[in-house]
Amino acid sequence: MNKFAIVILNWNGVKLLDQFLPAVVNYSADAKIYIADNASTDESIAFVTKNYPNITLLKNSQNLGYAQGYNQALAQVNEPYLCLLNSDIEVTPSWLDAVKERFEKQPETGIIQPKILDFKDKTYFEYAGAAGGFIDRFGFPFCRGRVFETLEKDENQYHSAPIFWASGACMFIRKETFDQLGGFDPIFFAHQEEIDLCWRAFNAGIAVWYESGSTVYHVGGATLNKANAQKTYLNFRNSLCMMAKNLPSSQLLPIIFARLCMDGVAGVKFMFEGKFKHLWAVFTSHFGFYALLPKMLSKRTGKNKTKYYNRNSV
């Protein structure tokens, strides 16, 4: 039995599959490869069937987004180590070796992120994940290797270490960990669902690691780019939902209130920049959050840890 299942979630991404699948196939001898298709209407299914008959197709009946799309697909996968891989990722030789060693030497580690560099400039980190993610006390995610929009050059300055969250662009997770945590929250649809999953892992005492010995290159923005107002809506709404689920009880009300105020400032910034679709997205994201708040509160486990925002806490 293969140790790894590489599961690529696809939605109308035949061009990306054509570009990036060859490296995945060539450099993943210890893995079974799956394409989880979110009801694509392009030639994705025909392309994979014709050119990669050894790849297993998992067909979702509709576009379920990242969260439920993976939940439905991974229920059909039984390999012990899962790799959730974006279709716009270029993998490298031996990219699985260090991850496998980390999993085998550290049974307490349930989730691993490799080094994620920019496909367009391979000497720099990429925005979505970089050298591992953390979160500040107000629920804003950040990464080693980038500060806001500024990306650092990779000079091997970030070594393997515990992190708070791993990027969904390329996330390794034990099958038993994914099942234990109940998978992704399908309400999130897309964006920040991996941070919610890792926060739940943190509260459950499961370690998340950055593995510098494994490198991939990410195009980024291939599904929803930064200018997309829907991405703004999902990021703001899902961030609030994530905090309602996972914040320590003593911090729940003051921090969410502070975040609502900060989001208002972000909305004003969008207004002065003339980005009225994004202003509306922030406004409506709050009402989306209020509608979901009772359900989010019902998902609290009672094991919410403090000092989640401190690097030393992981």
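Which helix is Met271 found in? Met271 is found in helix H8, and helices here are DSSP runs of H or I with at least four residues, while strands are runs of E with at least two, numbered from the N terminus.

Hi everyone, a quick word on the model before we go on. This is a predicted model, where local features need pLDDT of at least 70 and side-chain atom pairs count only at pLDDT 80 or more, while totals for chains, interfaces and linings use all residues. Residues are numbered from 1 along each chain as its sequence is written, and side-chain values use heavy atoms, leaving out hydrogens and water.

Back to Met271. With 37% relative accessibility, Met271 counts as partly exposed; buried means under 20% relative accessible area, exposed over 50%, and partly exposed in between, with a 1.4 Å probe and protein chains only. Together with Val268, Phe272 and Phe276, Met271 forms a nonpolar patch on the surface, with about 440 Å² of accessible area. Helix H8, residues 249–272, gives the most to that patch, with three residues.

Now let's turn to helix H3, residues 65–74. Eight of its 10 residues are buried, among them Tyr66, Tyr70 and Leu74. The buried residues of H3 pack against S1, strand S2 (31–38), strand S3 (56–60), S4, H5 and H6, where contact means heavy atoms within 4.5 Å.

Helix H4, residues 97–105, is next. Its buried residues are Ala98, Val99, Arg102 and Phe103. They cover an arc of only 135° around the axis, so they lie on the same side of H4; the arc is that of the directions from the helix axis to the C-beta atoms. The partners of these buried residues are strands S1 (4–10), S4 (81–85), S6 (109–118), S13 (170–174) and S14 (207–218).

Let's move to the loop between helix H5 (175–181) and helix H6 (193–203), where we find Gln192. Is Gln192 buried or exposed? Gln192 counts as buried, at 9% relative accessibility. Its side chain reaches the backbone oxygen of Asn235 at 3.2 Å. Leaving aside neighbours within four places in sequence, Gln192 is in contact with Pro141, Asn235, Asn238, Ser239 and Met242.

Phe189 is also in the loop between H5 and H6. Its phi is near 65°, a positive value in a residue other than glycine, and Phe189 is partly exposed at 34% relative accessibility.

Finally, Asn156 has a phi near 55°, a positive value in a residue other than glycine. Asn156 sits in the loop between strand S11 (150–151) and strand S12 (161–162), and is exposed, with a relative accessible area of 52%.

Note on methods. Patch = residues over 30% accessible without salt bridge, like charges linked within 9 Å, V, L, I, M, F, W, Y side chains within 5 Å. Areas by Shrake-Rupley, 256 points an atom, 1.4 Å probe, with all protein chains shown as cover. Salt bridge = Lys/Arg side-chain N within 4 Å of Asp/Glu carboxyl O. Polar contact = N/O pair within 3.5 Å; in protein donor to acceptor, adjacent residues only side chain to side chain.
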